[in-house]
Amino acid sequence: MSVRASEAVIAVVLFALLLPVAVLPWVHRQYRLHGRLRGWSAFVAAAGAFYGCGLVAFTLFPLPVVTPGFCDGRPLRAYWQLRPLASLDDIAGVGYAPTSPQFLQVALNVALFVPLGFLLAHRFRRGPVTAAAIGFAVSLGVETVQGTAVFGLYPCPYRIADVDDLITNTAGAVLGWVLARTAGRSLPPAVPEPVADTGPPGLPRRAAAFLGDLLTLALLQVGARLVLVLAEGGAPGVWADRAVGVLVPLVSVLAVPLLRADRATPGQVAFHLALVDARIGGRAPARAAVLRFLVWWLPVLLLLQAGHGGHVVLAAGLVGLAARARADRRSPLGLLSGTRTTTRAAGAGAVRTAADR
């Protein structure tokens, strides 16, 4: 596999690791600021995150293996190219061939920062001077990391810090800004206009909140087990592992709703959902959160523990179909617990109204 191909693979892997951690906080922020989600906004955010992963992968990776003779023949001065426009002399030396490695290297340095300028103009609405300044600052940070051997993490540099990269990277950021101001005009706005999030939440949003809860459980369990590995210097014991498997779900889908006024689970919090008393519209009682845990979450957790994730999907689908068959879209779980799922804004209003009665 070529170096560029391996860097692309690393970028995809970094993005795959970042996405599960970042998606719920991003969703929560979108609902808090704008009251809704939009597909184009999500695409732009994902593209920005993927670009950040790619920038790290293409400027730092692949990381070399330090051997006893790693720094032999690697004098520090050889890894700092401080003569401006030296890359043009290199291109001239091969006759300005567009397929030469020298030309392609310069073109890649320009292209690498075009998405940054595009995002700065389209998503963050920055001007050309700001885009150029940020492009220069990011490029300077990259070159500093490379020239200092990742701030001394390596005994000597393994990538060249080139002053020409500052020039080409900054030019790429400006070019990306120009593209956003021209071709980007036909694109939907990256930041949607705020709307009141008071309408009844649809079943897809409620299903996404359930998936958010499953994702939260998985991330918390992985994080707790990682802490145990670091604390114990190895794989956690059987009892410690079982404790994580019991305590994390209890805290996430039982303790959190009991402690919150809106009785929301972490996934519902991310999607700005709340539970209210279906009869009076006020705050749902604590017993409703306990009942929802016993009737729904406990069987779900037992099925997941037994490796029957498919049965969980089937059960969630049946619950969704039952809710869709009702005009008020209340699920069997809501009927049993006497609760109604609403948006956080509408739920807060319902609680205030009930308190004023």
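Student: Which elements each supply at least two residues of the lining of the largest pocket?

Tutor: In this predicted model, helices (H or I, at least four residues) and strands (E, at least two) are DSSP runs numbered from the N terminus. A pocket is an open set of points on a 1 Å grid over the protein atoms alone where a 1.4 Å probe fits, with protein on both sides within 12 Å along at least five of seven lines, and its lining residues have an atom within 4 Å of a point. The elements that each give at least two lining residues to the largest pocket are α9 (203–232), α10 (238–259), β3 (273–277), α12 (286–305), α13 (309–324), α14 (332–337) and β4 (339–343).

Student: What pLDDT do local features need in this predicted model?

Tutor: Residues are numbered from 1 along each chain as its sequence is written, and side-chain values use heavy atoms, with hydrogens and water left out. Totals for chains, interfaces and linings use all residues and side-chain atom pairs count only at pLDDT 80 or more, whereas local features need pLDDT of at least 70.

Student: Which element gives the largest share of the lining of the largest pocket?

Tutor: The lining of the largest pocket comprises 41 residues, and those nearest its centre are Arg206, Ala207, Phe210, Val319 and Ser331. The largest share amounts to nine residues, and it comes from α9.

Student: Where does the largest share of the lining of the second largest pocket come from?

Tutor: Among the 26 residues lining the second largest pocket, Gln105, Asn109, Ile160, Asp162 and Asp165 lie nearest its centre. At least two lining residues come from each of α1 (3–34), α2, α3, α4, α6 (128–147) and α8. The largest share, six residues, is supplied by α4.

Student: Which elements do the buried residues of α4 pack against?

Tutor: The residues of α4 that are buried (under 20% relative accessible area, with exposed over 50% and partly exposed in between, for a 1.4 Å probe and protein chains only) are Val106, Asn109 and Leu112. They lie on the same side of α4 because they cover an arc of only 130 degrees around the axis, taken from the directions from the helix axis to the C-beta atoms. With contact meaning heavy atoms within 4.5 Å, these buried residues pack against α2 (39–60), α3 (86–93), α5 (114–122) and α8 (163–182).

Student: How many Å apart are the end C-alpha atoms of α4?

Tutor: The expected span of a helix is 1.5 Å times one less than its number of residues. Helix α4 has 12 residues (101–112), so it should span 16 Å, and this agrees with its end C-alpha atoms being apart by 16 Å.

Student: Which residues does Thr216 touch, not counting those up to four places away in sequence?

Tutor: Thr216 is placed in helix α9 and is buried, with a relative accessible area of 14%. Leaving out residues up to four places away in sequence, Thr216 touches Leu24, Ser252 and Pro266.

Student: What is omega near for the peptide bond from Phe61 to Pro62?

Tutor: Pro62 sits in the loop between α2 and β1 (80–81). The bond that joins Phe61 to Pro62 is cis, with omega near -5 degrees.

Student: Is Phe151 buried or exposed?

Tutor: Phe151 belongs to helix α7 (residues 149–152), and its phi is near 55 degrees, a positive value in a residue other than glycine. With a relative accessibility of 61%, Phe151 counts as exposed.

Student: What is phi of Arg329 near?

Tutor: Arg329 is located in the loop between α13 and α14, and it is partly exposed, with a relative accessible area of 34%. Its phi is positive, in a residue other than glycine, and is near 60 degrees.
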